[in-house]
Every structure is written in structure tokens, then in C-alpha cells.
Amino acid sequence: WEPRETTLLREAYPCKSQAEIERLLAPHSWGAICGKADELGLQRHSWHIERLRASFSLTEMEKAYLAGIIDGEGHITVLRSPPRHGRREWLCPVVGIANTSSVLKDWLEVRLPMMAVVELPAGIPNKQGIIGRRPIYRFAVRGTQPVLWLLEQVKPYLVIKHRQATLLQEFCLSRLGRYRAGYSDREQELRLELKRLNSGRG
């Protein structure tokens, strides 16, 4: 790493979005950037819901547009990492979108800086074995408070995934202030109900 890049990393890593940091520090990968930040003792900001409410706002038209994207090309779920190596089970609320539009990518990066972005190059087969001709962008908002903020914005406009949003909102509200606690029976029920709905059996 050059001294100039290290200076940029120190300035940008705590407060800027992943997309902005990647642009500033290209061609370093996000993994390399996070590794260097860890080496320097840098930490990302915490997306506290009150900070999100105070710092970010969407117009009603933007909320409706985003809800339509999530209804059509998104998923609302709780991801589960099983217990292993002495670590307990971990449940992570997620709202994600998969899309091939770079225009949508730019639009989302401006309005949802807490959203992580992964680009899958063209030519890689999907789960059905179909090889895409264009890159696929996978967007994800993860974590209790960022997800809760996002659901506050889009839930009134969701149609197809309104039920999933209601369940995930209940899960997130249940976890506020209980991050180190084990998962309640109700929280596990919510996870399984979301899994059932998303599998098409709901």
C-alpha cells in the first residue's frame, strides 16, 4: 500500500459507503481493504437506527420505487449460521436485491450507503446453471438496526412481500438491546416462517 492510499483509507473507512471506498482505493478488493483497515485498527461506523433516521431520508416516490424493486427482485429473510468452533448460532436479518442494472446500482449506492454490494462478473452460471451475459449486482442491507430503518421506509408500499416485512420487523424489534442474548422461541418461529414464505409454501 502506498502512503497516499493509507491516508485515504484512514479518512474514508469509518464513514463512507463500501462503493465510495472501493472507488477511492481501486484496484484493491474489498477484502484487501478490510484487511488493511483491520491491520491499522480502523473500524466502520455503527449504523444506529436513530442516526439513520436523522441522516438519511427518502422521498415518498423513492420509497415506493424501492419497494417495487424489493417486491420484484428482492428477498426479505433471516440468515442462519449454525453453531461451530465454540461459537453460538447466529441469526442475521437481511433485505437483499439482485439485479443487472448498473444504473440501479448507482441509484442505490447514493440512497442506501449502508448497503453492501457484490458484483458477479458475466459468464458465471447461476443456481439454475444459466450463464449470464451481464454482471449481476447483489445488494444487501444486514443487521438489526439498518434493516429496521429500511423496513420503516418501504413496508407501507410493499405488496408481494408485505408479510415478510412484517415478520422481519417483529424479529428486529425483538432483538433491539438483546444482541448478546440467545434467540427466543418466537424469534426462531419468525425465522422459520420467513423461510417457508420465501420457499413458496406460504
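Analyst: We can go through the fold, the cysteines and a surface patch.

Analyst: This is a predicted model: local features need pLDDT of at least 70, side-chain atom pairs count only at pLDDT 80 or more, and totals for chains, interfaces and linings use all residues. Residues are numbered from 1 along each chain as its sequence is written, and side-chain values use heavy atoms, with hydrogens and water left out.

User: How many helices and strands does the chain have?

Analyst: Nine helices and four strands. These are DSSP runs, numbered from the N terminus: helices are H or I with at least four residues, strands are E with at least two.

User: In what order do the elements run?

Analyst: From the N terminus, α-α-α-α-α-β-β-α-β-β-α-α-α.

User: What share of the 202 residues is buried?

Analyst: 40%. Buried means under 20% relative accessible area, exposed over 50%, and partly exposed in between (1.4 Å probe, protein chains only).

User: Is C92 buried or exposed?

Analyst: Buried, because its relative accessible area is 6%. C34 has 25%, so C34 counts as partly exposed.

User: Which residues form the nonpolar surface patch?

Analyst: L173, L176 and Y179. Patch members have over 30% relative accessible area and no salt bridge (a Lys or Arg side-chain nitrogen within 4 Å of an Asp or Glu carboxyl oxygen). Nonpolar side chains are joined within 5 Å.

User: And where is Y179 found?

Analyst: In the loop between α8 (162–175) and α9 (185–198). Y179 counts as partly exposed because its relative accessibility is 40%.

Terms used. Patches are made of residues with over 30% relative accessible area and no salt bridge: like charges are joined within 9 Å, nonpolar side chains (Val, Leu, Ile, Met, Phe, Trp, Tyr) within 5 Å. Accessible areas come from the Shrake-Rupley method with a 1.4 Å probe; for residues, only the protein chains shown count as cover.
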